[in-house]
Every structure is written in C-alpha cells, then in structure tokens.
Amino acid sequence: MATPSMTLFHSPLSPFVRKVLVVLHETGQIDRVALQSVNVSPVSPDADLNQGNPAGKLPALRLDDGSVLHDSRVIVDFLDHQHVGMPLIPREGSARWRRLTLASLADAIMDAAVLTRYETFLRPPEKRWDEWVEAQSEKIRRGLADLEDNHHAEIASGFDAAAIGLACALGYIDLRMPDFGWRERQPKLAAWYAEVSQRDSMKATAPA
C-alpha cells in the first residue's frame with residue numbers, strides 16, 4: 001500500500017467530513033489520504049487545523065506540497081479532478097450549475113442540522129433560542145420537501161456530488177435529530193436513502 005500523500009483533518013461525526021470520505025471511497029482514493037482527528041467547536045479551535053486554514057474550517061485537506069484546501073465543496077471538486085472515473089460534478093455547461101445548485105441545497109440542509117445541534121447541545125440552556133432552532137428546522141423541511149417534490153428523479157439518477165451530500169445530510173439528521181420524522185413526509189427520498197445507505201462507501205463512513 002502506498003504512503004498517503006494527503007492529510008484530511010477529520011471529525012468522525014461531521015457530515016461535511018463524511019461527504020469527503022464518501023467521495024474518497026467512491027473514487028478509489030481513500031488510500032491516498034491519512035486521517036488526522038480533531039475535536040473542535042465554534043469556541044474551541046485547533047492550532048494544527050488552523051495552519052493554512054485560518055478560519056479553522058472542517059474538513060480541511062493538506063496536500064503533499066503543504067498547501068491546504070478547506071470547505072467540503074472545494075475539497076470534493078478537487079478530488080473529482082484526481083480520478084479517472086465518471087465525474088461526480090459535470091465539467092461544464094448547464095448540467096454543472098444544476099448539480100452544484102442541488103449540492104448546495106444538500107449542504108444547506110446539513111448546515112441547518114449542524115447549527116441546530118450546536119444550539120441545543122453546546123449552548124447553555126438559559127441562552128438557547130427556541131425560535132432560531134425552529135427556523136433551522138423549517139429550512140430543513142423546506143429543502144427536503146423541494147427535493148422530494150421537484151428533484152427526486154435527478155437525485156436518484158446517479159450517486160454524484162449532490163446525491164452524496166444529501167445522503168450524508170439525511171444520515172446526520174438521523175443521528176442528531178432522530179425524532180425529526182422526515183421519512184413520513186418524504187417517502188420517495190426515504191426509499192432512495194434506504195437503497196444508497198447500503199453502498200460500501202456509506203457503510204464504511206457510517207458514524208460509529
């Protein structure tokens with residue numbers, strides 16, 4: 001086995017990290033990357049993570065030349081240019097912007113779920129803002145409803161960057177918001193997710 005040439009700053013329960021790991025598995029690049037675990041929150045930065053990544057974004061990918069890519073969307077696009085299989089993001093034209101927009105919606109759902117976790121778990125109870133939490137939940141519900149009603153066929157057409165992002169978002173909701181009840185409202189997405197959850201890449205990256 002070759003020595004990994006890149007380092008992925010890694011928090012095993014982050015859905016954004018999981019998205020990158022799924023891409024690495026799907027594109028056959030997982031052996032190129034060493035995982036470096038970090039434990040960060042908005043109020044507890046990590047000095048090593050911040051090197052070359054001053055905002056402390058997670059995930060971050062340190063390349064073999066020492067430069068650092070951060071933000072999962074940037075890392076996924078980079079990795080998509082490093083393999084010889086079918087692109088996970090179309091290279092050009094309207095299809096590219098369409099898939100990137102769907103991927104952005106999946107990221108927005110993921111982000112709202114993470115922010116809900118921060119507010120309900122990390123913030124002291126006396127400082128929690130219930131209306132803000134509800135607003136994040138509504139973002140998730142609107143996003144999932146739109147994907148169910150208008151984009152299910154596109155999402156189900158291939159396990160690309162948009163589909164991977166959505167699968168990781170749904171996995172995180174199940175992990176951190178188990179009573180959210182999205183399956184009852186989005187049965188087509190539920191059936192799709194049940195299928196893609198059985199992919200080797202999803203099984204290998206499932207939160208322990």
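Predicted model: local features only at pLDDT ≥ 70, side-chain atom pairs only at ≥ 80, totals over all residues.
Visitor: What makes Ser-14 a cap for the N-terminal end of α1?

Guide: A side-chain oxygen of Ser-14 lies 3.3 Å from the backbone nitrogen of Phe-16. Residues are numbered from 1 along each chain as its sequence is written, and side-chain values use heavy atoms, with hydrogens and water left out.

Visitor: How do you know that the span of helix α1 is close to the expected one?

Guide: Helix α1 covers residues 15–26, which is 12 residues, and reaches 16 Å from its first C-alpha to its last. The expected span is 1.5 Å times one less than the number of residues, and for α1 this comes to 16 Å. Helices (H or I, at least four residues) and strands (E, at least two) are DSSP runs, numbered from the N terminus. Just after α1, Gly-28 takes a positive phi of about 70°.

Visitor: Why is α1 called largely enclosed?

Guide: Because 10 of its 12 residues are buried, where buried means under 20% relative accessible area, exposed over 50%, and partly exposed in between (1.4 Å probe, protein chains only). Among the buried ones are Pro-15, Phe-16, Arg-18 and Lys-19. Their cover includes β1, β2, α3, α4, α7 and α10.

Visitor: Why is the pair Asp-48 and Arg-62 called a salt bridge?

Guide: The closest N and O atoms of Asp-48 and Arg-62 are 3.8 Å apart. The pair qualifies because the rule wants a side-chain nitrogen of Lys or Arg within 4 Å of a carboxyl oxygen of Asp or Glu. By this rule the count comes to 11 salt bridges. Asp-48 lies in helix α2 and Arg-62 in strand β3, so this pair ties together parts that are 14 residues apart in sequence.

Visitor: Are the partners Arg-91 and Asp-80 buried or partly exposed, and how do you know?

Guide: Their side chains meet in a salt bridge at 3.1 Å, N to O. Arg-91 sits in the loop between α3 and α4 and Asp-80 in helix α3, so the pair ties together parts 11 residues apart in sequence. At 37% relative accessibility, Arg-91 counts as partly exposed, whereas Asp-80, at 0%, is buried.

Visitor: What makes Arg-183 and Asp-174 a salt bridge?

Guide: Their side chains meet at 2.7 Å, N to O. Elsewhere, salt bridges that share partners join Lys-19, Lys-57, Asp-71, Arg-73 and Asp-107 into one network.

Visitor: Why do β2 and β4 count as edges of the sheet?

Guide: The open sheet of four strands runs in the order β2-β1-β3-β4, with mixed pairing. Each of β2 and β4 has a single partner strand, so one side of each is left without a neighbour in the sheet.

Visitor: How do you know that β3 and β4 pair?

Guide: They share three bridges in the antiparallel sense, and they count as paired because DSSP must find at least two bridges between two strands. One example is Ala-60, whose bridge partner in β4 is His-70.

Terms used:
Contact = heavy atoms within 4.5 Å. Polar contact = N/O pair within 3.5 Å; in protein donor to acceptor, adjacent residues only side chain to side chain.
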